[in-house]
Amino acid sequence: MDNLKPFLTDVLSGVASQYADIRIEESEYTGIAFRGPELDQIGRSFERGGCIRVFHNGNWGSASFNQIDGKLKDLAREVAASVEALPPRPETLGTLPALSDNVAVPEADDPRKVPLEEKHALIKHYNDILLKTAGITTTVSAYADSFGKTSFLSSEGRFIEQESVHTGFSCRAVARDGTTVQDYSDSFGKTQGFASLTNREPMVERIAKVALDLVKAEPVSAGKYDVIIDPLLAGVFAHEAFGHLSEADFMSTNERLRELMKVGARYGVDDLTIVDDGTMPGERGSFRYDDEGTESDRTELIKDGRIAGHLHDRQSAQRMGEQPTGNARAVSYSFAPIVRMSNTYIEPRAYNIEDMLDAVEHGLYVCGSRGGMTELESFTFSAQYAWLVEHGRQTRLLRNVTLSGNVFETLKNIAMIGDDLVMFGGLGGCGKGGQAPLPVGLGAPHILIRNVVIGGR
Amino acid sequence: MEDEILSLAQARGAQAEVFSSDENRTVVAFEANEFHSQESRLARGYGLRVVKDGRVGFGSSSDPNKVGELVQAALDTAVFGKRCGFEFPGPVQCPTVKTFDNRVIMLPASKMIEWGRELVDAVRARVPNLKLDVTIARVYRETLVANSAGLNARSSRAVLQLRATGLVVHEGLIWISEYENLSSGAPPAIGALADRIEERAQFARTRARLATGTYPVLFTPMAVLNLLQPILVGANGKHLEKGVSPLIDKAGQKLLDEKITIADNGLRDFGVASGPFDAEGVPRRRTVLFDRGVFTGFLFDLATAAACGAKSTGSAGRNYPAQPQPGTSNVELAPGDARFEDALADIREGLLVYECIGGGQSNVLAGDVALNVSSGFRIVNGKVAGRVKDAVIAGNVYDMFRNVAAVGDTVRDLGAYYVPFVMFPGLKVATRD
């Protein structure tokens with residue numbers, strides 16, 4: 001794609017509103033999926049499109065499109081006219097300085113340079129590892145990569161060209177014993193090249209082993225437990241239970257929630273620090289500029305047990321009198337950006353897993369994630385499995401383990417934070433406002449939480 | 001454009017199918033009682049499926065300048081593609097179904113904003129401390145399926161939907177969701193929507209405690225969707241093909257309570273998923289999945305049907321960047337004979353569930369669910385006695401639907417789901433109380 005600045009400048013030239021921006025994205029995608037021994041889907045896609053946004057007198061309008069031609073100037077005018085016709089609201093947007101930048105992906109990381117044969121061979125190899133394991137009845141293994149280039153221009157004179165790369169794979173093994181069918185899955189994803197996906201055999205072998213073990217596992221009994229949470233599920237907790245609450249788009253319109261999330265409010269132990277950081281090299285949720293052209297940043301959400309910051313787009317930052325944090329993200333050119341997380345994690349502290357096991361008389365060691373959801377204060381998320389812990393020892397494998405509760409109470413019940421931070425990416429992502437899956441990273445060390453409600457039979 | 005793509009692919013010795021969609025979406029949004037934004041989204045693109053040397057390849061593009069690359073990508077992937085067991089269908093007569101009303105197509109965005117404001121004002125007058133988000137979205141979509149067997153089928157659909165979510169802060173945060181399908185062209189029933197939101201805001205004013213135990217539980221229509229989902233996943237032909245559905249070899253067996261009849265109906269007038277044909281050009285139809293508790297069959301697209309020795313049920317769904325997959329269109333859970341008030345009156349102590357979070361996180365294929373009841377109320381002697389917080393209902397939906405106390409006599413249109421309430425005689429509820 002050539003330098004689009006003259007074209008984008010022309011598109012916005014007919015708009016006299018207080019603020020406008022345009023974002024054009026061009027991307028290529030490759031996907032391969034096996035189900036069992038057979039290749040199920042293989043395909044390549046080319047996407048090209050964009051989005052125009054206009055802000056005037058406190059109101060937003062936007063239009064996305066994928067026909068890129070001279071008519072866009074008319075579309076920009078139409079959006080501006082409809083926004084300017086709305087009743088004014090007492091809101092402003094603040095300003096960002098003019099800027100020109102170009103962010104390129106290293107050529108060695110460009111997945112378009114890797115032959116389709118190699119991508120096919122890699123995911124088939126991982127899928128075959130699962131299939132060769134006795135007791136595994138079927139599998140789902142998927143590979144995906146994408147390479148994109150975005151050109152952004154705002155009426156403030158910020159012009160940003162930014163390339164991005166996402167690669168990843170996921171594997172799921174299904175094991176059956178009589179009528180008991182259990183599955184286990186794991187995935188890996190980075191903002192790095194194809195090479196980061198190779199040599200992952202140990203992870204794949206573990207998927208098959210856990211699926212087989214789960215067939216023999218018993219359903220957990222419902223009740224309250226002290227739980228040790230592994231880094232993946234603790235990362236899901238940081239993202240789902242607290243990260244979403246820190247997204248300021250909603251908070252900025254709700255006084256009560258603003259009060260609850262006020263900087264300085266105490267919700268956790270002194271050891272607890274939760275961070276969202278879009279600048280981490282190579283992680284799944286990393287980027288240089290967000291989709292409003294704001295630099296990505298490291299934002300402490302909780303520091304030493306107290307609320308320390310919020311995640312913002314430009315409007316929520318202005319509303320709350322804080323700085324934009326570079327968290328305005330759109331899942332594709334079809335959407336205007338909204339406040340989203342990048343890489344969200346709990347900072348490591350001093351304890352190790354043995355310390356935590358020693359501190360549990362009767363509890364659970366819960367591992368892996370089947371996803372999670374929140375409705376602000378309420379959260380629920382499901383583990384892939386758990387060990388029953390009795391007198392500090394892992395005794396029996398359990399399944400159907402779902403944790404739920406109130407996030408503020410649960411944060412206060414964190415008793416120990418481990419020293420072994422792991423970051424996760426994966427193939428999927430986060431969903432919000434109809435925009436999914438948005439690539440995000442998450443992580444944590446092991447943590448011990450007292451008195452968690454576990455759903456079960 | 002489709003002719004150019006098809007002939008390019010055919011010239012390279014492939015059978016081919018082009019699916020295209022041209023979508024015009026208008027969305028107006030209110031957040032926390034205030035107008036928030038007006039968005040339009042225009043999206044057009046092509047998906048190309050080829051069969052070359054007996055193998056399936058696929059490419060897609062939204063870039064009209066990349067026809068050559070699109071055909072090349074589809075042919076490149078066909079080298080590794082799955083063996084093709086089906087043939088592209090030729091032209092067929094399709095049933096008629098109402099999929100748009102001109103009032104919806106012509107509706108100006110300013111009218112959608114006016115409706116949103118009326119609803120915000122109506123709710124604010126009833127529940128002063130409630131903050132309402134409203135989204136009104138219209139999608140007009142033209143779909144084309146053309147293939148090398150001579151099919152060239154076009155259809156249009158206009159869908160207009162209103163979603164509202166209210167937030168009340170009272171001993172924690174309480175969410176109240178409402179929905180109305182406006183695709184038939186009638187304006188929204190603002191008063192009725194506001195009344196329902198007000199009723200639930202009143203229910204939530206007091207906090208109730210429910211000890212962990214087994215209780216009668218009444219799921220309102222919106223909450224029933226969480227329980228239907230795993231069964232619909234099980235009835236998907238893809239999971240028969242892969243040998244992972246718990247419904248394999250169960251056709252003709254009574255698996256659920258006789259009060260339960262579930263059908264997939266792609267021909268429901270103004271259904272948000274209705275159309276004369278599916279995403280492969282196969283006529284849509286009504287397919288019964290469970291008839292009075294007896295499992296009657298799976299949903300298929302062309303490929304899964306061929307793999308299972310069955311015929312497509314016209315259940316292929318897709319957007320242009322993806323290959324077709326079997327799936328539901330509009331799901332109908334048949335109404336029973338129970339009135340809501342009577343069912344409630346029968347509960348001495350139990351739980352009334354409006355909304356859950358956490359659907360789809362368990363072993364869905366096996367039918368397991370673990371639902372965090374985000375909007376649930378304790379029932380004492382047939383009356384709502386306050387909000388229950390942090391309750392979890394975990395179990396297996398096949399077990400749950402085997403014993404149903406009552407099914408409601410009124411079906412709610414929830415957009416691709418037409419569902420009454422369902423009451424279960426005894427479910428395990430875990431709480432912190």
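**Figure 1. The two domains of chain B.** In this predicted model, chain B is divided into domain 1 (2-198) and domain 2 (206-433); domain bounds come from an automatic or database domain assignment. The C-alpha centres of these two domains of chain B lie 23 Å apart. Domain 1 of chain B contributes 37 residues to the contact and domain 2 of chain B contributes 33 residues, two residues being in contact if their C-beta atoms, placed from the backbone, lie within 7 Å. Strand 1 (15-31), strand 2 (34-52), strand 3, strand 4 (130-147), strand 5 (152-169) and strand 6 (173-181) of chain B each give two or more residues to the side of domain 1 of chain B that touches domain 2 of chain B. Helices (H or I, at least four residues) and strands (E, at least two) are DSSP runs, numbered from the N terminus. Strand 6 of chain B provides the largest share of that side, 6 residues. By class, the side of domain 1 of chain B that touches domain 2 of chain B holds 17 nonpolar, 16 polar and 4 charged residues; Ala, Val, Leu, Ile, Met, Phe, Trp, Tyr, Cys and Pro count as nonpolar, Asp, Glu, Lys and Arg as charged, and the others, Gly among them, as polar.

Residues are numbered from 1 along each chain as its sequence is written, while chains are lettered from A and ligands numbered from 1 in the order in which they are written. As the model is predicted, local features need pLDDT of at least 70 and side-chain atom pairs count only at pLDDT 80 or more, whereas totals for chains, interfaces and linings use all residues.

**Figure 2. An open sheet in chain B.** The sheet has 6 strands in the order 10-9-8-13-20-19 (chain B), with mixed pairing; two strands pair if DSSP finds at least two bridges between them. Its edge strands, strand 10 (294-295) and strand 19 (412-413) of chain B, each pair on one side only. Strand 8 (residues 262-265) and strand 9 (residues 286-291) of chain B run antiparallel and are joined by 4 bridges. Within strand 9 of chain B, Val288(B) stands opposite Ala263(B).

**Figure 3. The contact between chain A and chain B.** Chain A places 59 residues in contact with 59 residues of chain B. Several elements of chain A each supply at least two residues to the side that touches chain B, including strand 2 (38-56), helix 3 (116-131) and strand 27 (447-455). Strand 2 of chain A gives the most to this side, with 12 residues. The side of chain A that touches chain B comprises 16 nonpolar, 30 polar and 13 charged residues. Strand 2 of chain A and strand 3 (residues 55-61) of chain B run parallel and are joined by 3 bridges. Ser45(A) has Ser60(B), in strand 3 of chain B, as its bridge partner.

**Figure 4. The two domains of chain A.** Chain A contains 10 helices and 27 strands. Its division is into domain 1 (5-216) and domain 2 (219-455), with 22 Å between their centres, taken over C-alpha atoms. In chain A, 39 residues of domain 1 are in contact with 29 residues of domain 2. Strand 6 of chain A supplies the largest share of the side of domain 1 of chain A that touches domain 2 of chain A, 8 residues. That side of domain 1 of chain A divides into 13 nonpolar, 17 polar and 9 charged residues.

**Figure 5. Surroundings of Val366(A).** The largest nonpolar core has 266 residues, of which Val366(A) and Leu48(B) touch the most other members. Such a core is a set of buried Ala, Val, Leu, Ile, Met, Phe, Trp, Tyr and Cys residues joined through C-beta atoms within 7 Å. A residue is buried if 20 or more other C-beta atoms lie within 10 Å of its own, exposed if 12 or fewer, and partly exposed in between, with C-beta atoms placed from the backbone. Not counting residues up to four places away in sequence, Val366(A) touches residues that include Val227(A), Ile229(A), Leu233(A) and Leu403(A).

**Figure 6. Backbone details of chain A.** The peptide bond from Ala436(A) to Pro437(A) is cis, with omega near -10°, and Pro437(A) lies in strand 25 (residues 435-438) of chain A. Asn57(A), in the loop between strand 2 and strand 3 of chain A, has a phi near 50°, a positive value in a residue other than glycine. Asn57(A) counts as partly exposed because it has 15 C-beta neighbours inside 10 Å.
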